[in-house]
Amino acid sequence: MWILLFFDLPTYTPTHRKAYARFSQALKKQNFQRLQYSVYARHVTTKSSMGMVTKMCQLFPSEGDMQIIKISDQQYHQHIHIRNSQPIALPPPQLPLMVW
């Protein structure tokens, strides 16, 4: 399962910019990868790992907007990534491990 986190924070004042930087650093410490400015993704292996979403909500500054979307591995690997007009190949989807 993947967590996509989108946020919009004001950056009008130095205080706003510091809050933006602190939140971005907190996301990186929680192993989120930046896809674009204010768009981050993280792979989680179990639904119990979703507890960190609550933590991100607590760390989010009071001014701003945040959206969190959960998608499956299959949905994530269907997206198309284009950079400089060239499609970028995605890594192959992770194969499920069967334990007997």
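A: pLDDT is the predictor's confidence in each residue, from 0 to 100. The protein averages 79, with 77% of its residues at 70 or more. Where pLDDT is low, the predicted coordinates should not be read in detail.

This is a predicted model: local features need pLDDT of at least 70, side-chain atom pairs count only at 80 or more, and totals for chains, interfaces and linings use all residues. Residues are numbered from 1 along each chain as its sequence is written, and side-chain values use heavy atoms, without hydrogens and water.

Now helix α2 (residues 51-59). Its buried residues are M52, V53 and M56; buried means under 20% relative accessible area with a 1.4 Å probe, protein chains only. They span an arc of only 110 degrees around the axis, so they sit on the same side of α2. The arc is taken from the directions from the helix axis to the C-beta atoms. These residues pack against β1 (2-8), α1 (14-29), β3 (39-43) and β4 (65-71). Helices (H or I, at least four residues) and strands (E, at least two) are DSSP runs, numbered from the N terminus.

The largest nonpolar core has 14 residues; L5, F7, F23, L27 and F32 touch the most other members. Such a core joins buried Ala, Val, Leu, Ile, Met, Phe, Trp, Tyr and Cys through side-chain atoms within 4.5 Å. β1, α1 and α2 each give two or more residues to this core. Leaving out residues up to four places away in sequence, F23 touches M56 and L59, among others; contact means heavy atoms within 4.5 Å.

Note on methods. Buried means under 20% relative accessible area, exposed over 50%, partly exposed in between (1.4 Å probe, protein chains only).
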